[in-house]
Amino acid sequence: MSSETRDKPDAKYREDEDGGPNPEKDCGHDRGGMGEEVKRKEDRRFITGRGNYVDDIKKEGMLHCEIVRSPHAHANVESINTERAEKMDEVVAVLTAEDLAAHDLATMPTLMDDTQEVLVRDKVKFQSQEVAAVIATDRYAAKDGAERVEVEYDTLDPVVEAEKAKDEDAPVVREDLDQDDNHIFTWETGDEEATEEAFEEAPVTVEEDMYYQRLHPAPIETCGCVADWDQDDEKMTVHMTSQAPHAHRTLFSMVSGIPENKVRIVSPDVGGGFGNKVPIYPGYVVAAAASYVLERPVKWVEERSENIQTTSFARDYDMTGRIAATEDGEITAVDVDVLADHGAYNAAAQPSKFPAGFFKIFTGSYDIEHAHGTVDAYYTNTAPGGIAYRCSFRVTEAVYLIERMVKALAQELDMDPAEVRRKNFIPKEAFPYESSTGWTYDSGDYERALDKALESVDYDELREEQQRRIANDDDKLLGIGLSTFTEIVGAGPGKQCDIAGVEMFDSAEIRVHPTGNATVRIGVQTQGQGHETTFAQIVAEELGLDVEDVTVEHGDTDTEPYGLGTYASRSTPVGGAATAVAARKVREKAKSIASNELEVAEEDVVWDRQSGAFHVKGAPDRSLTIEEIAGASYMNSPPDEEPGLEAVDYYDPPNMTFPFGAYVCVVEVDRETGEVDIRNFYALDDCGNRINPMIVEGQVHGGVAQGIGTAMLEHVTYDDEGNVTAGDFMNYLLPTSMEIPEIETDYTVTPSPHHPIGAKGVGESPTVGSPPAVVNAVVDAMEHAGVTHVDMPMTPDRVWEVLDDAGLAIDPAENMEFDIDVEDASADD
Amino acid sequence: MTKKEISLTINGTEHELEVEPRKLLVHAIREDLDLTGTHIGCDTGNCGACTVYMDGQAVKSCLTFAVQADGSEITTVEGMEDHPDAGMGESDLHPIQEGFREMHGLQCGYCTPGMIMSARALLEENPDPTEEEIRESISGNLCRCTGYQNIVKAIQYAADVMNGREPPESPVEHGEAAEPEAASDGGTPMCEADDCCMDVDTDFEPPGGDHK
């Protein structure tokens, strides 16, 4: 172990008695196993500039693909003239829908079994949709060529909002589906009759409209690929920005007809994904088709505007929530109606049996007897979606709904929002808990998390400060927002959850080499989560190896076992479980070899986790490490055992995992400007056992930043003509280092009882849990004046309008002190 | 299109290039010189993934034509290991690079080279910046993974090393400890040690999915 790569746990960490790992305790966990802060193994290539992202790949004879896109949101394509482009020396080919149709590639399936044109033949359905592709010898020439493709359009009236798409007279987006309206599906959950009855009987009911705006995951690396058809081997290799390389291989094979053993997907270093890189996009198919036709490698890499304007958006749920309760705040029922905009194609990326994803988790952390919900989804002339942006399939929308409704109920009852939550939490004795919408929550202790959160932020003092400011008529109001969310992550089980029919299991293969170190190949795919470190830690823990002696490989379908990929926080719950189980299979075989080596019966060999070795029962000095056993497995294998020491596991989880958290956001709202300043953000996450606390905290920081972006800045907007008006980083605003405050992280540990290492996953919790905390805080600051809701993003102008309507706004002019003598000033005129 | 001859000194090596006048500096660096550590994230100068250090300043190379850089001295992330300050910390790398690793200042790594170059420009000008100054200096570099918190710590780490102070060993923070018995619910003890640090049952057999 090198001191350069491994660090001693810091003092604070050692003192921890919070149920998390405590390396100071004498149990031998100092090999970089579970719970240790191991610095990341993958970092060196990134900090030296030697990462290998898709756009870094250069191949002999490689061509560049530029896509010609429609300036209109809704238009018939009258003609496409490619002549001027084709005359350019550098342009090798111009592809249109006709060319793709010749290879049966004119359309592709979306992950929700809709059909999307790869290149438009008849009718454009959203702005920037793909119409033609120019393949040229260099990036600039490809752009020049695209400028020279002449497309004639006959424009049609677009329908841009779901609300308008409902109208009988609305333009029809999808005539190709043989329907005369824009309706996609109506989904329903829960017991409507019982819920309505509960509402009728309830002394207190609250209703609130809220719009979860259209977002884009916007990883800093856009989508792209290098497709390379090898005519000699008849093999297609695609290096692509993929969160799910194996699923993409299957889809590529299904779409192209190329046998799956002749398709290789390599996902090299991926510059962030957040759900954006789960679907297949037309650009990938065009590049592959071009490579096939031209027999040369073809690169396609999006510009930022193409990324935001055409690849899958997230959210866009227009929700009406209702909550019913007793006078002392016991929630008896919750109901929600959602109007969902899916854009021009139903291109959500979620298990196929869940058209509204896992939205039915909207009862949250609360024991609510009656629940009912509907989602009505519509096509519009906007980009297709909506995918799960750092989210398990609409859990983000569900958590926002319930956490906002609980706050609204507290306001109606004039109760403290913390008390309403406490009163309605699913008690810790109730786990496993069956929710009224049909989930089985694995484990939780919500009250402990809330208590710790309130104590940490000194909640009572904050409430006093809030009242003091109101009493003093301060220019800045204080708001305290809570979010005590429950997540649902780690899909499968395979029988419930699939992607394009493939069950959502995941896999790991461990090979222990003759010299005692190990290579682990996993089916999940990192986009920055640090799998090369955390998965090595799991194996180090299970096999008593040093983390430095374990190498993790991922992202190449030719070598890795089949997996469904990384999204919806499923890597640790599913892939991590597969890795632990594969390691235990290795250990099982190692035990048999140990018995042969130690010349005792197998039942007399015991595994000692402290030393990371087997020893003879009652004789700890007669021991063998996995390193030693590995040698024996290749060089002195027992007569009744196969040589070698390796195992593979395909893990189908018995249930999802249910991480949770208690977040507190403290804001100051400026009554003059409407500006919201996040003074403090406290995030307590319980993701069960933590494999690497440093990485867990990093995930929380990043997710909270995204949640703050959601709450304060981000919105993919359209005008009435269907033009994207926030389609680049000048208008789609990502938070910078100036908007994100220092985030205070904290944790409790409630292991998942069905997971081999008690872990639950954490990546998406902060993105899911933080937006309602921020909105609740802003509403909280103004609730004394009757404000019950502010829609996201809470830009200063929007907040100022709410302040103004509530009579809280201060006219900036009132506070201005003019030094200018008015008479003198006018004299100057 | 007519090409123009230019000379760029990158990471100490002089390169003669023929480029179209419209060619962006970032493409000259990435595609003509194969230095792919400098990235492209937005095309509009907002994200800063393309930041290089040019003639004493952090410059967004996607907003600069290669011909504008004619005669310039440029450092990209690939040149940081050869910087005179490299090796000041515990590794052979520049303290800024080391700080990013030690403080977990990167996740996907895509914005990291631009962040490192912005940090270098800051520390050249202001060797011991405050947190606010660090935040302001990287406000032209977008990161979607880290929430910036550990990037700030990474740059503070570098400032510590370069100012002869002992940098922190870890970015990990915890709140106050809760009641110690709390961890035992939902799981079973893992190792035979009475005082084990973890709460995991390693012999646990998962119940299996519906079809197992």
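## Domains of chain B

Chain B splits into domain 1, residues 4-78, and domain 2, residues 83-162. The model described here is predicted. The C-alpha centres of domain 1 of chain B and domain 2 of chain B are 21 Å apart. Their contact draws on 16 residues from domain 1 of chain B and 14 residues from domain 2 of chain B.

Between domain 1 of chain B and domain 2 of chain B, about 1200 Å² of area is buried, with 60% of it from carbon and sulfur atoms. On the side of domain 1 of chain B, the residues that lose the most area to domain 2 of chain B are B:His39, B:Tyr53 and B:Val77, together 42% of what that side buries.

## Nonpolar cores

The largest nonpolar core has 225 residues, and A:Met319, A:Phe359, A:Phe681, A:Met782 and B:Phe100 touch the most other members. Helix H11 of chain A (residues 395-413) gives the most to this core, 12 residues. Apart from this core lies another, of 42 residues, including A:Phe535, A:Val581, A:Trp607 and A:Tyr651.

Leaving aside neighbours within four places in sequence, the contacts of A:Phe681 include A:Tyr663, A:Cys665, A:Ile708, A:Glu742, A:Glu744 and A:Val774.

## Helix H13 of chain A

Helix H13 of chain A covers residues 446-457; at 1.5 Å a residue its 12 residues should span 16 Å, and the end C-alpha atoms are 17 Å apart, which agrees. Buried residues in H13(A) include A:Tyr446, A:Arg448, A:Lys452, A:Leu454 and A:Val457. After H13(A) comes A:Asp458, with a positive phi near 55°.

How values were computed:
Residues numbered from 1 in each chain as written. Chains lettered and ligands numbered in written order. Predicted model: local features only at pLDDT ≥ 70, side-chain atom pairs only at ≥ 80, totals over all residues. Heavy atoms only, no water. Helix = DSSP H or I, 4+ residues; strand = E, 2+ residues; numbered from the N terminus. Expected span 1.5 Å × (residues − 1). Buried < 20%, exposed > 50% of the residue type's maximum accessible area, 1.4 Å probe, protein only. Core = buried A, V, L, I, M, F, W, Y, C linked by side-chain atoms within 4.5 Å. Contact = heavy atoms within 4.5 Å. Domains from an automatic or database assignment. Buried area = accessible area lost by both parts, 1.4 Å probe.
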